[in-house]
Amino acid sequence: WERMVQQVPENINFPNEEEKILTLWKNLNCFKECLKQSKNRPRFNFYDGPPFATGLPHYGHILAGTIKDIVTRFAHQSGFHVERRFGWDCHGLPVEYEIDKTLGIKGPEDVAKMGIEAYNKECRGIVMRYAKEWEFSVTRLGRWIDFENDYKTLYPEFMESVWWVFKQLYDKGLVYRGVKVMPFSTACNTPLSNFESHQNYKDVQDPSVTVSFPLEEDPSVSLVAWTTTPWTLPSNLALCVNPELQYVKLRGKYKATGNIYILMESRLVALYKSDSEYQILDRQVHKWFPGIVLKGKKYKPLFEYFIQCKEKGAFTVVVDGYVKEEEGTGVVHQAPYFGADDYRVCMDFNIIQKDSVPVCPVDASGCFTAEVTDFAGQYVKDADKHIIRWLKEKGRLIHSTTFQHSYPFCWRSDTPLIYKAVPSWFVRVEHMVEKLLENNAQCYWVPDFVREKRFGNWLKDARDWAISRNRYWGTPIPLWVSEDLEEVVCVGSIAELEELSGVKVTDLHRESIDDLRIPSRRGRGALRRVPEVFDCWFESGSMPYAQGHYPFQGRRELEDAFPADFIAEGIDQTRGWFYTLLVLSTALFGKPPFKNVIVNGLVLASDGQKMSKRKKNYPDPMHIVNSYGADALRLYLINSPVVRAENLRFKEEGVRDILKDVFLPWYNAYRFLVQNVLILQHKDEGREFLYNENTVKESNNIMDKWILSFTQSLIQFFKAEMAAYRLYTVVPRLVKFVDVLTNWYVRMNRRRLKGENGTEDCIMALETLFSVLFSMCRLMAPYTPFITELMYQNLKTLIDPASVQEKNTESIHYLMLPQVREDLIDKKIESAVSCLQSVIELGRVIRDRKTIPVKYPLKEVVVIHQDPEALENIRSLEKYVLE
């Protein structure tokens, strides 16, 4: 135990000092030592959501990582054993999209030419492209997490557990194959799940056309439909109206042709600016009539590509309540291949049959093709132009303009999604919405409004989950089927596949198992695996089980660690990881997957825009760390609205202010303590300053009593708020404490701390300041792990070894949090000082206004406090203030 306290330099470069601390932690192997020390303690279970390593970490990752680090450090220092495994998302669109761009791959044909094995090899090659940079950045930011014992979604063990999860769902009857209209990424050539399509909305300008559909019974009368997707008009099979809302027949006055139109009465504004522009016809009893009157009426199709469908009921008016009166004309064109509601309504009226939805999309030249999978957003725009020109030539175009609205874009390729009918494998979710809501209610959310509003509302409208992707680099869906899909075998493990196929299996990717056949048990020949792979969200939702290779290994470990005590991610994960975790845990075990969750908001550029590498509208995170230090960045992020699930406009000067207003004053208080301890030891060489909390004498000095009481109240508040995961209430209190300590206690006790009032009083003041700084270092260690370690490495030489409970005291992070000493809490003194602070601030204001000299007596510029007890405390403090 080294007894020599080191001098503290006047100036400090925080980033440089942090680098030294990193070296110390590495040499001491601190993180592993923490795990070793705590191995016999109660478990605190934490799940880390896996990021992709195809890009570098951004502020969103840093923020979530800091929240996770603070909570898990706090749990460790509260007496728990906290395993922290890093995870990597390795499959899916982010990886494939990068390869497609690099190799110029346009579609399935290009992949077929190079072969799935070669394609997947390319994908595997970039999966961990930035893993080293991630590890460096995460470590530099002070986060302690296990990279050596990480999990990757491409590990065969992880993939096998995903198969097990799927088989449980299959055996429960929760898996089915269906055709549904789904959001489809044309750039990535795959459908997306419902929640994925809600992750990236943009305001866009789309063409808006109003089109006439003449009735067969009277071609001079036309239904008027509106659409923002003209390119879907060749696939029109029906028109839909609201059965209960009112419709009207009218003749336009300003047109020489005198066209007669039918549209919703409340949507006349879509065509006309005033009622002088039209004349109401066919009043019957009233001037309008309900939409149900139109049901079954036949109309002339725009195109004749599907004229054969007329015999099955196509080109008919159908009715449904989804038609609203907020936009359009109240007459909705139905292209069931391209619209979810269109598909449902046309199915209800038997205009189409399940698994057989006619489609007639258009390509860039305006020609009509049989496939839509090669569409890109630009092709759709070109097609729109050709369709609009055709409508005008045929006299079917009533009105054409543009329309601004919010539209979903692919979260990976950033291209517009289209909606199309796609055969997919689904997990049933709609039947368990009530159970999902019930399980969600058992989880503790911070902030709490996310549980009921953002997440709860999303759960209420949960739809069956499309889990299949028409891609290559992912965990293959373990279904072997006959050619007619009548026989299906679901495989739940490697051993099961080996037994059924008779082939040794070492890897589960497509190139390794696509050619394996399973003999039919019904005489249907060899069963082949379906070509799809899992949505990568299915993998991350399976993470609690797959990270430990459950149930093939670690059964007891999972059962002890489930549900997790804590998880944390950004608010966008309410429709991502939070959702898939809850769906799978509810389906598998009927309970929630986590107990406590912190949801952070988004970190935006300083102008409020989304951070963009292309625009370069934000400072590089490592530039901030190298300029101000990781502690300053951590505290800036945590001391902001972003921890309350609100958005933060990132400003570099905000990090700089944390340095100036918090760290420098704190550091100066620490330096002042150490320098005066050295002065004391130099003056009285026979006296050794050693702090022992158990033998320290109680001070009668009211300022000592106050700061010790204030410190204990802080510890009490800190523990209560951290136990409630309210990080956003803790930091302001900690920041205020630094201000109070440096600008009040230290400033008002300089003479005592320097020994001007005698050695005994000096030691009393030094012990008080030491106690406060030592407590503060332990409290702040989860938030600012570097500066607390820096101070502790010097302060620990002044601690009596006999007073320390921990066996190993080499790092501040080995120590437990300080216990609350309620005997030191004196709320009356705290109240008095708080009152005095207000009085002094008032005095400063009056002094500024009245130009009163600085040395003017305090009592002359303040109103005497009415509480006699508080007034007595103020008087006992006044001499310090006047000095």
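Trainee: In which helix is the place of Arg752?

Mentor: Arg752 sits in helix H24, residues 750-753. Before we go on, a word on what we are looking at: this is a predicted model, where local features need pLDDT of at least 70 and side-chain atom pairs count only at pLDDT 80 or more, while totals for chains, interfaces and linings use all residues. Residues are numbered from 1 along each chain as its sequence is written, and side-chain values use heavy atoms, with hydrogens and water left out. Helices (H or I, at least four residues) and strands (E, at least two) are DSSP runs, numbered from the N terminus.

Back to our arginine. Arg752 has 2% relative accessibility and therefore counts as buried; buried means under 20% relative accessible area, exposed over 50%, and partly exposed in between, with a 1.4 Å probe and protein chains only. The side chain of Arg752 makes a polar contact of 2.8 Å with that of Asp704. A polar contact here is a pair of N or O atoms within 3.5 Å; within protein, one must be able to donate a hydrogen and the other to accept it, and residues adjacent in sequence count only if both atoms are side-chain atoms.

The whole structure holds 35 salt bridges, each a side-chain nitrogen of Lys or Arg within 4 Å of a carboxyl oxygen of Asp or Glu. One of them joins Lys310 and Glu216, whose closest N and O atoms are 2.3 Å apart. This pair links distant parts of the chain, 94 residues apart: Lys310 lies in the loop between strands S11 (289-290) and S12 (316-319), and Glu216 in the loop between strands S5 (201-214) and S6 (221-227). Lys310 is partly exposed at 31% relative accessibility, and Glu216 is partly exposed too, at 35%.

Asp341 and Arg344 form a salt bridge of 3.2 Å, N to O. They are 3 residues apart in helix H9 (residues 340-348), so about one helical turn separates them. Asp341 is partly exposed at 33%, as is Arg344 at 32%. In the salt bridge between Asp514 and Arg510, the closest N and O atoms are 2.7 Å apart; Arg510 is buried, with a relative accessible area of 10%. Salt bridges that share partners also join Asp48, Lys68, Arg143 and Glu569 into one network.

For a buried helix, turn to H4 (residues 93-103). Because 8 of its 11 residues are buried, H4 is largely enclosed by the rest of the structure. Leu93, Tyr97 and Asp100 are among the buried ones, and the buried residues pack against helix H6 (116-127) and strand S4 (190-191).

Finally, the cysteines. There are 0 disulfides in the structure, a disulfide being a pair of cysteine sulfur atoms within 2.5 Å. Cys34 is in none, and the nearest cysteine sulfur, that of Cys30, is 6.5 Å away. Cys34 is buried, with a relative accessible area of 1%, and Cys309 is buried at 9%.

Methods
Contact = heavy atoms within 4.5 Å.
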